[in-house]
Amino acid sequence: MTKVTHIWALGFVNGFACWQNFELPATLKIRLHNRAYFLRDTFFAAQWVAKRLIEKGEKGAIVSTASRAGRNGSTVVDYGASKAAVINMTQSLGKALGPHGIRVNAIAPGLIDTDMGARVPETHQKNHVATSALRRVGQ
């Protein structure tokens, strides 16, 4: 059994979004800029943890927050693209940090039963339920 000596918990929200209809490409540039924090903040948090683990010669794990939209695409183009980037970065960090004994993974939740989730059009909600592993919206 491994003795846990400390846990670093990084508390920042890197996964909120709102449902909105696709807009014109000129607006997409602004929205992509605003979504860049998903990738940027996830990278800097992982970098912070990795540096400390490597300096101490410790093994560990880093978990990123992605989304099903990053794997399946999304009609909210900027959101899906930013979460796909988080997934790719997570895989790349895993390759880079694996030799140091640091595992890097991502969770990818889908639609969650919240006020925001309720604004998702019903056809998209039904599609999510039909394609999710538990055949339901997350609680």
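Student: Which residues are buried in helix 3?
Tutor: Asp-78, Tyr-79, Gly-80, Ser-82, Lys-83, Val-86, Ile-87, Met-89, Thr-90, Leu-93 and Leu-97 are buried in helix 3. Buried means under 20% relative accessible area, exposed over 50%, and partly exposed in between, with a 1.4 Å probe and protein chains only. Helices (H or I, at least four residues) and strands (E, at least two) are DSSP runs, numbered from the N terminus.
Student: Before we go on, where do these values come from?
Tutor: This is a predicted model, in which local features need pLDDT of at least 70, side-chain atom pairs count only at pLDDT 80 or more, and totals for chains, interfaces and linings use all residues. Residues are numbered from 1 along each chain as its sequence is written, and side-chain values use heavy atoms, with hydrogens and water left out.
Student: What is the mean pLDDT of the protein?
Tutor: The mean is 80, and 76% of the residues reach 70 or more. pLDDT is the predictor's confidence in each residue, from 0 to 100. Over residues 9-24 the pLDDT is below 50. Where pLDDT is low, the predicted coordinates should not be read in detail.
Student: Which element has the highest mean pLDDT, and which the lowest?
Tutor: Strand 2 has the highest, 94, and helix 4 (residues 115-118) the lowest, 81.
Student: How many helices and strands are there?
Tutor: The protein has five helices and two strands, in the order α-β-α-α-β-α-α from the N terminus on.
Student: Back to the inside. What makes up the largest nonpolar core?
Tutor: It has 10 residues: Ala-46, Val-49, Ala-50, Leu-53, Ile-62, Met-89, Leu-93, Leu-97, Ile-102 and Val-104. A nonpolar core is a set of buried Ala, Val, Leu, Ile, Met, Phe, Trp, Tyr and Cys residues joined through side-chain atoms within 4.5 Å.
Student: Where is Arg-68 found?
Tutor: Arg-68 is in the loop between strand 1 (60-65) and helix 2 (69-72).

How values were computed
Contact means heavy atoms within 4.5 Å.
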